[in-house]
Each structure stands twice: as structure tokens, then as C-alpha cells.
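Colleague: Can you take me through this one? I would like to start with the ligand and then move on to the rest.

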Amino acid sequence: MKKIQRLLMATLLFSGTSICAQQMPDAKMKPFIDKLMKQMTLQEKLGQLNLPGSGDIVTGQAGNTDIAAKIRSGKVGGLFNIKGVEKIREVQRLAVEQSRLKIPLIFGMDVIHGYRTVFPIPLGLSATWDLKAIERSAQIAAQEASADGISWTFSPMVDIARDPRWGRMAEGAGEDAFLGGQVAKAMVQGYQGKSLKANNTIMSCVKHFALYGAPDGGRDYNTTDMSRYRMYNEYFPPYKAAVDAGVGSVMASFNDVDGIPATANKWLMTDVLRKQWGFGGFVVTDYTGIPEMVEHGIGDTATANVLALAAGIDMDMVGEGFVNTIAPSLKAGRVTVAQIDAACRRILEAKYKLGLFEDPYRYCDVSRPAKEIYTASNRKEARTIATQSFVLLKNEGNVLPLKRGGKIALVGPLADNRENMPGTWSVAADFSTAVSVLDGLKAVAGTATQIVYARGSNLDYDAKFEERAGMFGKDLRRDNRPTEQIIAEAVAAVKEADVVVAAVGESAEMSGECSSLTNIEIPQAQKDLLKALKATGKPVVVLLFAGRSMAISEEAKEYPAILNVWFPGSEAGYAIADVLFGDANPSGKLSTTWPQNVGQVPLFYNYKNTGRPLPKGQWFQKFKTNYLDVTNEPQYPFGFGLSYTNFSYGPLNLNNTTLKGNQTLTASVAVTNTGNVTGQEVVQLYIRDLVGSTTRPVKELKGFEKIELKAGETKTVSFAITPELLKFYNYNLKYDWEPGDFEIMVGTNSQTVESKRVKWLK
Ligand code: BGC
């Protein structure tokens, strides 16, 4: 045992017994923490609840920072968003050598979709519908982050998002509770692995609890007001799935939930999370979540802190209110020692579970970064997963894949840009090595293919908008020449080409935090470029970058091919080229509904029928639920995505049509690849509960399977349906199923399904 570990164990155990903490079974956790807490002063306990902003810590200088003084005096429980083994080691040393009780710090970070090797944005990851791939991406992220000193990630974000005006749709798994729950579980498992004590796993933090994805008007941080029925059935399942998967921590959301900010919402943080779901980890606020409650209007700073602690919040991110105001509040009888102790215990338990008491430098092995971060094999996996996330929205006349040889014109503001490829929340990315579309096409095309490039347009006509959309170093390198000149240059380049690839859409920071939009179309400057390109008579492939569902009905009409690539990560250009040239076949399917226009928002596949449904296939009927100016249909439905091959579905077979009690219904379908190349298809199962004690959605996703089929190959996919899949929360929030008639639907997306009815009795 190294000197520091010995010191630590001696201090913490202060007994003659030489218990090796490394082998301490979990039963030892409680006595260990009991003993430790007995030694702690009130201030030291409150210190554990404090997660201050780390400021600018420079390696070699950590000891001189303001934060160092706080760490030495036991006023800090953890730090976040500092990276690098050397730096983290240095800061940890302050805690475990220079503070009285030598309690190690926990180091968190927003490791959202990869670390230095960046995977597609989470919305893109969810579009793979490949849970193994998603889990693997989190595993690699954990491996790399832990090699760089980090032991805790603020991920996954599982907020259901049905409103694409909200920019943070990019960070979640889309609009559906079932898919969202599966993805949440895969991510938590990927980060935490089998043991949190392994040095290549990290603690996960599911966020933002709760309902952060449903702000009024799609405006970030805005108020949420929702029926409990909808919460439990449509928004809570992914949070619960993360809890069921053993997530170590939960982050409270910024928003007001039914009149009480989530951060002070005892019903959410204690009744639902701990009592109903049995969550045993700790809850951290979001960034300054507690002091922001003064603006919400629930009282002054001291009151906000009292309410947060009473609600069940354990750790205060950046606010520093727990450490500064709770002691006087205790004196005034506004909080109890039991509340402080409970929170402190949960933080210490998290550190214990991570093995930090045994070895505070567990994640600080200086030899690891070079071997484990941004390795060739991690990058290879990121490239493959990215190709699986792309959604082919249109491919008329098989414009795609591109043929090698000949001349390809690559145009658009996102064509020759590295910084934007990793997407929002890629804090550990190295933009200089991210692969642009131009880099990727050149590398993958082969020498027989000529690539000509022209910029063609800026992201937006408005330079100020472009600035806001290019934050965090994601520069768009604005071209200040006159628009006509920029377009003319592109048109000239296109003249000689066989095909045009137009890299257009959103910049990375047009989605993500505080990136709400009221216009979710492609910016006008780029639309004008597309029109000019079309006028050349060359086939135009729209290579779309998107961090949300976009409204692209115009482009869907005008251009023969649209490949939506989200933000693919550090290997973007390679993955894009792989798919453009057909080396990889796109297999992504949308995890959100894409509306025709923003006025339809929120639009989602699992809506309620209403008493005045519009008959299928119709547009407008007076006194039916519809719009005067646009049909009710989405542009692209949930679950939609094409392939370079075709899949045909055989008839839906049910092994039974009248069931009773806990029987299992098997729904199966034979799927055949009728095209010429190998492809992957996501076969989807939906169920409708035709009559309920509460109204039920017209369909709900209840299963899916991604299969690979060679050309000509047929596979049968079977879904085992038990009453478990029929359960929902009724009006009294009792989770059960109700007997009656059900529609079983299987198909290639949420709209194209074959449907059969069954009767299921209790
Ligand atoms: C975001 C969180 C994030 C936190 C820490 C906040 O602004 O809402 O998602 O984890 O910052 O960086």
C-alpha cells in the first residue's frame, strides 16, 4: 500500500485492525461511513455536499487557487469539468493529504457522447436503435474518461422531448418512453459496467429529473405543468429505467414542475424517486439550480437552500449555498441534523462505491491516457456506430450511394468544417483532429474520384445569429464576400461535376443547452444555395446536419436524396463518406417525429385519438381535429428510415387471438431483403389498448429488433408479448393492465404497420 493510502485508511478506520479496504464487502460500507461521520464536524459534512465550479486550474498551480483553500478546509465534496490525470491527481492530493479528514474528492464531467473519441450526439445514438452499440459507446466513453482522471459523468440525459424547438432534444433519446427507457438502461450499464470499483468504469448521473424536456414553448429552462397521468406514463419511464439499472446519481432539473421548481420538489425527489422507485444514490442539483430558485420566486437564498435540502437534494452544484447557509438555518431550526447527515452519507457512499477511499488515485494512472484515449480501435468503433445512426430520409432514383470515379462537387457551410462535427456537449473533443466531410470524402473516395469543394453559403444571412450558433469554439469561419459571389463560385464548381453533395443544416450549437429555436427549418441562406444548385440541373444530395427534428418539407419535395447525419462525432467525415459511397448501408431510424412545419409542434406518434379524429388519409373536415392549412401527418414519422436495399414484410402471425391472464402472445413476421446489398432493418412492435379506464394512445412502441439481412435473405422476427407490456398507470396511478381488446402492430416504422386484434382477459 502506498504511503497516502495507508495514511488515509489509518485516519478513516482509526483502529488497529488492518482491514484492506479493497476487499471490503458492501456490508462494511455502513460501519465505515458511520465511523467516518462520527469524526466529521458540521462544516465538514456540509463540505461534502458542495460541488463548486472548478475555475481555471492550471496543472502545477492547483495549490494556489481559491478552490485549494476550500479543499484544505474540508469545504469541497467534488469538482467537475476539470480533466487530465496530472491535474486531477494534484487536486486530489490537496484533499487526501492536506484536509483534516482526508476524504477524497469525486471528479465529474459532462461526458455526454464519448470523451476524446466522440460518438454521434445522443439523439443520433438513439437513432441506431442498437442497444449494444449504445452501451458500447458509453463503455468506451467511461474507459477514456476514467483514464483521464474522471470518475463521474453527468449522463445520460433521458428527458423525453416532443418539441423540437427545444435545443436539448439533441442530448436525449427522442420522444418515446419505451425506447428512451431501453437507451437509458444501456447507457447506465455502459458507464457503470459490472463494478463501479473497476478503474475503467465511472458513476452515471441520470438527468434532468424531471420533465426538463417539456418546457412551455420549447424555450429552455421554462415552466412545465403536466398531469401526473402523463408524467408517469409518458415522461417518467426513462428516469425509472435508469434507476432500475442501478444508476449511482440523479440530477435535478432547472424547471418548475407544477408550481414547485424540481430542485425544491419533495414529491419528485423523495416520494417518487426514493420511496416509489427505491433510488439509493445521491441527487445533485443542476448548475446553480438552488440559487436560481430565488428568481423562480420561492424565497431568498437561505430559504431556497432549506427547501432543496428538505426536498432530498444531496449535492449543490456551483451554488455554494449548502456550505454557506445551512449552518445558520440549522441554528434557526429550519433544517435538521438528520437531513444533513442523510445527504452527507449518500455522497460518502458514492465515493465508497467508486473505491475512492481505498485508492483516491484509482483514476489517476498517468500511463493510461496514451494507451486508452482516442485509440485507433475506439475511433474505429465510433466510425461504425456513426454510420448506423444516419437516417436516409429520401433516395429517389437511387442517387445514393455515389459511384466512385467521376467528379463530385461538395458544397455547403458544413462541408469543410471540423469544429462542428462532434456536435454539442463535446467538451473533451479535439476539434483540430475531428474529421470534416471534405477530409473524409477525400480519404475514402479513392484516387479515381475527383472532389471539388466550394463553400456556397454561410450558415445564416444574419452574422449575429451565426455568432450565437458558433459558440464554444465551434467557429463557422464566416465568409464576408457578397452572397451572389459565394453562390456563383459554388455553381461554377458544380458545373463540371456529376453529382452535388450539399452539407447543410444546423451548426452544432444550434442545438444543445439554451439553443431553442422558433424556426426549425434549414436557414434561408442555405435554402438559397440549394435552389441555385438545383438550377444547375445536377442531382443534389442533401447531407443534413441536425440536432433536432427539423421541418424540411420544402427540401423533401425538391431534392432527390436526403441523408440526415445528425452530428456524427470525431470520425464524422469518414463515417459520412462510408455511407455516401455505400461502404456502409444506412440503418438509422428516427426516434422523434419530424413535422411538416413548426406549427404542428408538439407532434408525436403516440397521440390520443380524441372524440373527433380525422378519418385516415383525409386532410380537412369541418369539426374534426385538424388544421385548415396543413394535414395532420408528419413529414417523417417516428421510426422512419430508408436503406440502400429494400425490405418486404410477410404477413403478421399471432399464435393466439384470445388470451387469458399471464399467457404469452407471440407475434412474428418474416422480413426479406429484396434488394441487392446487405442491410439492417429495425422491426418495430406497437400495441394499442382499444378501451381503457383512461383514454389510451393510438399506439405505443413495445418492442423492436434490429436485424441484418444479406441480399435475398429472410429472417423471422418474433416478439413475446406478456401482460407486462400492456401495463400502464391508471388515473389513480396504479400500474396494471386492463382486460379487453388490443391491436398488435408490427412494421418498419410507426405508420407502416400490419395490424391484428386480440382479446386479452384477466
Ligand atoms: C446542464 C447540465 C450539465 C451541467 C454541468 C448545466 O448547465 O444543464 O446538463 O450537466 O450544466 O455542466
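This is a predicted model: local features need pLDDT of at least 70, side-chain atom pairs count only at pLDDT 80 or more; totals for chains, interfaces and linings use all residues.

Colleague: Fine. Which residues come nearest to the ligand?

Modeller: There are 14 residues around the ligand, and those that come nearest are Asp 110, Arg 168, His 208, Asp 286 and Glu 513.

Colleague: What is the make-up of that shell by class?

Modeller: The shell around the ligand has 7 nonpolar residues, 5 charged and 2 polar.

Colleague: How far is the side chain of Asp 286 from an oxygen atom of the ligand?

Modeller: An N or O atom in the Asp 286 side chain is 2.5 Å from a ligand oxygen. For His 208, a side-chain N or O atom is 2.7 Å from an oxygen atom of the ligand. Lys 207 has a polar side-chain atom that lies 2.8 Å from an oxygen atom of the ligand.

Colleague: And how much of the ligand does the protein bury?

Modeller: The protein buries 94% of the 310 Å² that the ligand exposes when taken alone.

Colleague: Where does His 208 sit in the secondary structure?

Modeller: His 208 is in strand E5, which covers residues 203-209.

Colleague: New topic, cavities. How many are there of 30 Å³ or more?

Modeller: Searching the whole structure gives 6 cavities of 30 Å³ or more.

Colleague: What lines the largest one?

Modeller: Its lining is made of 13 residues, with Gln 48, Gly 74, Ser 99, Lys 102 and Ile 103 nearest the centre. By class the lining of the largest cavity has 7 nonpolar, 3 polar and 3 charged residues.

Colleague: How do the lining residues of the second largest cavity divide by class?

Modeller: They divide into 10 nonpolar, 3 polar and 1 charged.

Colleague: You listed Pro 156 there. Where is that residue found?

Modeller: Pro 156 is in the loop between strand E4 (152-153) and H8. A cis peptide bond joins Ser 155 to Pro 156, with omega about 10 degrees.

Colleague: Which residue other than glycine has a positive phi?

Modeller: Asn 81 does, with phi near 60 degrees. Asn 81 is in the loop between strand E2 (78-80) and helix H5 (85-98).

Colleague: Last topic, the fold as a whole. How many helices and strands are there?

Modeller: The protein has 23 helices and 27 strands. Along the principal axes, the C-alpha atoms fill a box of roughly 80 × 65 × 50 Å.

Colleague: How does the radius of gyration of the protein compare with that of a compact globule?

Modeller: The two agree, because a compact globule of 762 residues would have a radius of gyration near 27 Å and the protein has 27 Å.

Terms used:
Residues are numbered from 1 along each chain as its sequence is written. Side-chain values use heavy atoms; hydrogens and water are left out. A residue is near a molecule or strand if one of its heavy atoms lies within 4 Å of it. A polar contact is a pair of N or O atoms within 3.5 Å; within protein, one must be able to donate a hydrogen and the other to accept it, and residues adjacent in sequence count only if both atoms are side-chain atoms. Accessible areas come from the Shrake-Rupley method with a 1.4 Å probe; for residues, only the protein chains shown count as cover. Ala, Val, Leu, Ile, Met, Phe, Trp, Tyr, Cys and Pro count as nonpolar, Asp, Glu, Lys and Arg as charged, and the others, Gly among them, as polar. On a 1 Å grid over the protein atoms alone, a cavity is a set of points where a 1.4 Å probe fits but cannot get out, and a pocket is an open set with protein on both sides within 12 Å along at least five of seven lines; lining residues have an atom within 4 Å of a point. Grid points are joined across faces, edges and corners, and a volume is the space filled by probe spheres set on the points. Helices (H or I, at least four residues) and strands (E, at least two) are DSSP runs, numbered from the N terminus. The radius of gyration is taken over C-alpha atoms; the globule rule is 2.2 Å times the number of residues to the power 0.38.
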